[in-house]
Amino acid sequence: MKYIDEFNDPDLARRLLDEIRATVTRPWALMEVCGGQTHSIIRHGIDQLLPEEVELIHGPGCPVCVTPLDVIDQALEIAARPGVIFCSFGDMLRVPGTGRDLFRVKGEGGDVRVVYSPLDAVELARVHPDRQVVFFAIGFETTAPANAMAVHQARRLGLANFSLLVSHVKVPPAIEAIMTAPDCRVQGFLAAGHVCSVMGTAEYPDLAERHRVPMVITGFEPLDILEGIRRAVHQLERGEHRLENAYPRVVRDLGNPAAVRMIEEVFEVTDRNWRGIGRIPGSGWRLTEAYRAYDAEHRFDVSGIRTEEPAECRAGEVLQGLIKPTECAAFGTTCTPRTPLGATMVSSEGACAAYYLYRRMAESPAPRGSRIPQEEMNPVG
């Protein structure tokens with residue numbers, strides 16, 4: 001298959017669903033790690049089309065959602081300062097901090113700009129030598145190479161007015177934390193294809209073996225996800241637990257070696273707090289000593305900011321797969337995209353946003369495993 005609409009073929013989807021139904025003999029719980037996969041699952045109703053024995057659990061795969069509240073507040077503090085141009089991707093602007101967000105800071109006079117690449121922020125630093133330009137560097141392994149390249153380029157150009165506010169996190173330590181939690185129900189994983197396209201597959205076989213869970217690297221289109229589920233269910237039914245790559249058109253065992261080298265030059269592994277989850281050892285990156293001068297957290301002395309999550313927001317439980325968004329009393333009432341309590345409601349990859357966007361306002365009473373409608377599997381737009 002070469003074209004995107006081929007990965008939305010309803011006839012192929014029915015065949016995969018039929019094979020899953022024919023294979024499963026007992027209940028299984030699978031977690032998709034990537035927020036992009038979560039949106040595809042909810043948009044196409046894949047979770048409702050599966051046999052009732054197969055449950056999909058939404059994991060902490062939204063990079064915006066897991067950015068901790070104290071880092072959001074650091075960003076707000078820096079963005080509000082005179083002489084600063086604060087740059088970010090657009091999906092961070094509505095993420096609530098303590099009492100405000102970046103849109104509010106912009107409305108109050110802060111110079112907050114949406115950019116499409118961290119290199120755009122480097123260019124702003126070059127043409128505005130009298131201003132401090134800060135890029136909000138968040139994300140999983142997927143966005144790390146471009147952010148590393150930006151600070152590498154800034155140093156090469158001698159730009160002393162450029163810095164990164166870094167909140168990078170890594171997927172494998174999060175899987176480790178999920179599997180070692182006392183209330184874990186996950187029996188298999190759909191691993192994030194774009195993360196593996198950068199980092200490769202080396203970290204996953206040991207996780208699968210140690211925790212005795214199948215891990216299937218999966219893409220984002222409906223057929224990608226169904227094929228990943230099919231392979232994971234086959235392993236579970238056979239008592240197997242190994243890594244499989246169901247996304248070979250994008251993922252290679254070694255990933256992208258040039259991107260990995262850039263990451264390793266600029267970043268070093270550190271412990272990270274995850275919003276709503278807590279501290280996960282070795283789960284993030286920070287700038288190495290050679291690039292520490294470009295660290296906005298130290299340049300603007302905001303490392304002392306500490307905050308607490310709003311008690312009424314259950315986003316942390318959603319991110320850990322402990323509840324579905326509809327099980328939160330605030331969902332769709334006091335927490336909406338216009339009045340979000342947490343990032344999972346406003347991020348383009350957040351589980352709460354997916355449920356709200358696709359009108360999954362309550363658990364559907366429709367029988368699971370029903371026939372797949374033609375229009376649900378056709379590409380949109």
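Predicted model: local features only at pLDDT ≥ 70, side-chain atom pairs only at ≥ 80, totals over all residues.
The largest nonpolar core has 58 residues, and the members that touch the most others are Phe-86, Phe-189 and Tyr-204. Helix H5, residues 69-79, gives the most to this core, contributing six residues. Once neighbours within four places in sequence are left aside, Tyr-204 is in contact with Val-171, Pro-172, Ile-175, Ala-191, Val-195, Cys-196, Met-215 and Leu-243. There is also a second, separate core, with 38 residues, including Ile-20, Val-24, Phe-331 and Tyr-355.

Next come the ring pairs. A pair of aromatic rings is described by the distance of the centres and the angle of the planes. The model has six aromatic pairs. In one of them, the ring centres of Phe-86 and Phe-136 lie 5.7 Å apart with the planes at 65°; planes over 60 degrees apart count as edge-to-face, so this pair is edge-to-face. Phe-86 belongs to strand S3 (residues 84-88) and Phe-136 to strand S5 (residues 132-139), so that the pair links parts of the chain 50 residues apart. Phe-86 and Phe-136 are both buried.

Phe-220 and Tyr-247 form another edge-to-face pair, with 6.2 Å from centre to centre and 75° between the planes. Phe-220 is in the loop between strand S8 (215-218) and helix H12 (222-238), while Tyr-247 is in the loop between strand S9 (243-245) and helix H13 (257-266), 27 residues apart. Both Phe-220 and Tyr-247 are buried.

Arg-155 lies over the face of Tyr-291, 4.2 Å from the ring centre. For Arg-359, the charged end sits over the ring of Tyr-356, at 5.7 Å from its centre.

Methods: Residues numbered from 1 in each chain as written. Heavy atoms only, no water. Core = buried A, V, L, I, M, F, W, Y, C linked by side-chain atoms within 4.5 Å. Buried < 20%, exposed > 50% of the residue type's maximum accessible area, 1.4 Å probe, protein only. Helix = DSSP H or I, 4+ residues; strand = E, 2+ residues; numbered from the N terminus. Contact = heavy atoms within 4.5 Å. Phe/Tyr/Trp six-rings, centres within 6.5 Å; stacked < 30°, edge-to-face > 60°. Lys NZ or Arg CZ within 6 Å of the ring centre and 35° of its normal.
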